[in-house]
Amino acid sequence: MEVVIVPDAKAGGALIAGAMADLLRRTPDALLGVATGSTPLPVYEALAAQVRSGSVDTSRARIAQLDEYVGLTADHPESYRSVLRREVLEPLGIGMDAFMGPDGTAEDVQAACEAYDRALTEAGGVDLQLLGIGTDGHIGFNEPCSSLVSRTRIKTLTEQTRVDNARFFDDIDQVPHHVITQGIGTILEARHLVLLATGEGKADAVAATVEGPVAAVCPASALQLHPHATVVVDEAAASKLKFADYFRHTYVNKPDWQGI
């Protein structure tokens, strides 16, 4: 995988937004996989700025959801469908008709998981999947010890993940215990994986992902198996990397045309 160390979150957001914009210029109807949380916000803000300036056209772009809470209605302000509508679709001028996501309120949750997995394949697959990473190394909601070949399915959140996400709710009791998430095997089918991590709190997880063994205890380490995976980290998140100087050297000296 390629590791790119940037000065701060804003620089990381601009870099990834640039890659998304380049993709949309080549493939106007590209399917972009998006993540929620605070980490990817600089990406969406930078891409929206390009849309407003007219430098990229998102009118044919499609958006795919990475995960969703089970039990929250689509109009609940903290359902990921609602969050993505506010933070991604509306700023980019993309309508809900171009949005794909699992049904977190389905009576048969397993059937909803299988249906979403099929829908991603039938849509031609995700062209670029943006990922965040949890402090325990999870991607999507694939918690530690998730199968590295797992498909879209229901998962039970760890208490740490619920604590981490409680800031978006009035209190932790409102954070659901279950989610639908693309599995690691599903995520690995995207043509380009881009993981963004910022802050010292992510440093251990980043080091385990990039320099540790491929192991289910750190689900994000599965990115080592992907032919086109890019890990973008700020200085704080890169602070535990043993090969940080090498990563800086390779990025500075790569051909300009190669992108990320």
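Start by selecting D204, which is exposed, with a relative accessible area of 51%. Keep in mind as you click around that this is a predicted model.

**Stop 1: D204 and its partner**

K240 and D204 form a salt bridge, with their closest N and O atoms 2.8 Å apart. The two come from distant parts of the chain: D204 sits in helix α7 (residues 203-211), K240 in the loop between β10 (229-234) and α8, and 36 residues separate them.

**Stop 2: the rest of α7**

Stay on α7 and colour A203, A205, V206, A207, T209 and V210. Are they buried or exposed? These residues of α7 are buried. To see what covers them, show β1, β9 (192-197), β10 and α8, which are among the covering elements.

**Stop 3**

Next, select E235 and R248. Their side chains meet in a salt bridge, 2.7 Å from N to O. E235 belongs to the loop between β10 and α8 while R248 is in helix α8, so this pair ties together parts 13 residues apart in sequence. Check their surfaces too: E235 is partly exposed, with a relative accessible area of 37%, and R248 is also partly exposed, at 30%.

While you're looking at salt bridges, pick D117, R151 and E189. Salt bridges with shared partners join these three into one network.

**Stop 4: one end of the chain meets another part**

How far apart are the closest N and O atoms of K254 and E2? In this salt bridge they are 2.6 Å apart. K254 lies in the segment after α8 (244-252) and E2 in strand β1 (residues 2-6), so you are looking at a link between distant parts of the chain, 252 residues apart. K254 is buried, with a relative accessible area of 15%. In total, the structure holds 10 salt bridges.

**Stop 5: the sheet**

You'll find an open sheet of 7 strands with parallel pairing, in the order β1-β10-β9-β6-β2-β3-β5.

Select L130, then find its bridge partner in β9, which is V194.

Notes. Residues are numbered from 1 along each chain as its sequence is written. This is a predicted model: local features need pLDDT of at least 70, side-chain atom pairs count only at pLDDT 80 or more; totals for chains, interfaces and linings use all residues. Side-chain values use heavy atoms; hydrogens and water are left out. A salt bridge is a side-chain nitrogen of Lys or Arg within 4 Å of a carboxyl oxygen of Asp or Glu. Helices (H or I, at least four residues) and strands (E, at least two) are DSSP runs, numbered from the N terminus. Buried means under 20% relative accessible area, exposed over 50%, partly exposed in between (1.4 Å probe, protein chains only). Contact means heavy atoms within 4.5 Å. Two strands pair if DSSP finds at least two bridges between them.
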